[in-house]
Amino acid sequence: MIPKTMKLARARGRGEPLTLEEGPVPTPGPGEVLIRVESVGVNFSDVKRRRGDLYPFETRFPFVPGAEIAGEVVRLGPGVDGLAVGARVFSLAGAGGESRHAHFATNHIPTVAPPSPGLPPAFPRVLLVAGTTAKRMMHEAARFAEGETVLIPSATGGVGSFAVQIARALGAKKVIAAVGSPSKIARASALGAHEVVDTSRQDWPEEIHRLTEDKGVDVAFESAGGDSLEKSLRCLAPFGRLVVIGASGGASGRLTPEAIDQWLYAPALGRSIVAFNLGTWFQLRPQAAGAALGGLIEDLLRERLRPPAIQALPLSEAQRAHDLLEGRTVTGKLVLKPWS
């Protein structure tokens, strides 16, 4: 029996903490299903939207974050075909991306998919955003090629841990993992990184040049924001590509005209900056989204990729999950379990 009310974690205003509240269980509209949420993946995009940072989609407050869930279909909306009550599914939020840190959530059918037949029931299906982001940013945004050198930030987190493995599988000449503290160096090495740098040190760009014999990297991913953007540009080789995937520090990087002249548009260097956001990619390329998710699941099933370690917290600790991400103390993937 479906209750009339549920628990949800909600921020009342921009930058305010998440608090556990009571709210009505949503009713699925046309083309939607109601999902009893078993697991919620916590991503830095959730933190950015709660803080009110610049984001591709509008964030309206009060705000219930969450971009990916796994659970069971418990009610069908009008016009739903191809799914039945009782189906175990995973789901990615649409442009709204709300009402996922909760006991129940409604989602449109195009964002809902049953698991692969070979996927174990206990498999953490909320790894899809991290894994798909890593694959798409590597293949499409960076156009990474065999024999190139790559710099991967936050290499022990959800996206980063996948990206290190993908770069190795693509035949990278050298994978340089970047971590925020010395305690994460061993984990990044275990994922397959050839070298690991500690970005808590101010001289880490000089370390990159030392590791590449002063050539720089062909591809660098940037996720911190602030002055890290300029530092990442300093690490690029001629014709290198910088792929910006976020600003976890809350401040977008600012490039001075001098920095642009020196690091981007200097004669014959041909460096470039590319931005990538998975939600926008799904929205603009819906036909490719299903294949991307299916490809990731296949890689995981065939053990071509190893999932990151899972750290599970109850829904009542949603704000703690956000605090852990902001503090950059997380290794692996954070998951909320609403019914714990």
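**Sheet, helix packing and burial in the predicted model**

Strands β8 and β9 run parallel and are joined by 4 bridges. Strands here are DSSP runs of E with at least two residues, and helices are runs of H or I with at least four, both numbered from the N terminus. Two strands count as paired if DSSP finds at least two bridges between them. The model is predicted: local features need pLDDT of at least 70, side-chain atom pairs count only at pLDDT 80 or more, and totals for chains, interfaces and linings use all residues. Residues are numbered from 1 along each chain as its sequence is written, and side-chain values use heavy atoms, with hydrogens and water left out.

The secondary structure of the protein comes to 10 helices and 15 strands. Of its 340 residues, 51% are buried. Buried means under 20% relative accessible area, exposed over 50%, and partly exposed in between (1.4 Å probe, protein chains only). Among contacts with a separation of 6 or more, 67% are between residues 24 or more positions apart. Contact means heavy atoms within 4.5 Å.

The pair β8 and β9 belongs to an open sheet of 6 strands, ordered β10-β9-β8-β11-β12-β13, with parallel pairing. The edges are β10 (195-198) and β13 (272-275); each has a single partner strand, so one side of each lacks a neighbour in the sheet. Neighbouring strands are turned by 20° against each other on average, direction ignored. Strand β9 (residues 174-179) also pairs with β10 in the parallel sense, over 4 bridges. I176 has E195 of β10 as a bridge partner. L151 stands opposite I176 of β9. Strand β9 is mostly covered, with 5 of its 6 residues buried.

Helices pack on this sheet. Helix α3 lies across β8 (149-152) and β9, and runs at about 170° to β8. Angles run from 0 to 180 degrees between N-to-C directions; axes are lines fitted to C-alpha atoms, for helices over the stretch in contact. Helix α5 (residues 204-211) touches β8, β9, β10 and β11 (217-222), and its direction makes about 160° with that of β10.

Helix α3 (residues 158-169) also meets helix α2 (residues 128-141). Their axes come within 8 Å and cross at roughly 45°. The two helices are therefore oblique to each other. Angles under 35 degrees count as roughly parallel, over 145 as roughly antiparallel, 65 to 115 as roughly perpendicular and the rest as oblique. The crossing of α2 past α3 is right-handed, a term for the near helix being turned clockwise from the far one by less than a right angle. Contact residues include A130, M137 and M138 of α2, and V159, F162 and I166 of α3. By class, this contact holds 9 nonpolar, 3 polar and 1 charged residues. Ala, Val, Leu, Ile, Met, Phe, Trp, Tyr, Cys and Pro count as nonpolar, Asp, Glu, Lys and Arg as charged, and the others, Gly among them, as polar.

Helix α1 (residues 44-51) has 7 of its 8 residues buried, so α1 is largely enclosed by the rest of the structure. The buried residues are S45, D46, V47, K48, R49, R50 and R51. They pack against β3 (32-42) and α10 (318-326). The axes of α1 and α10 come within 10 Å and cross at roughly 105°. Helix α1 is thus roughly perpendicular to α10. F44, D46, V47, R50 and R51 of α1 touch Q319, H322, L325 and E326 of α10. This contact has 3 nonpolar, 2 polar and 4 charged residues. G52 follows α1 and has a positive phi, near 85°.
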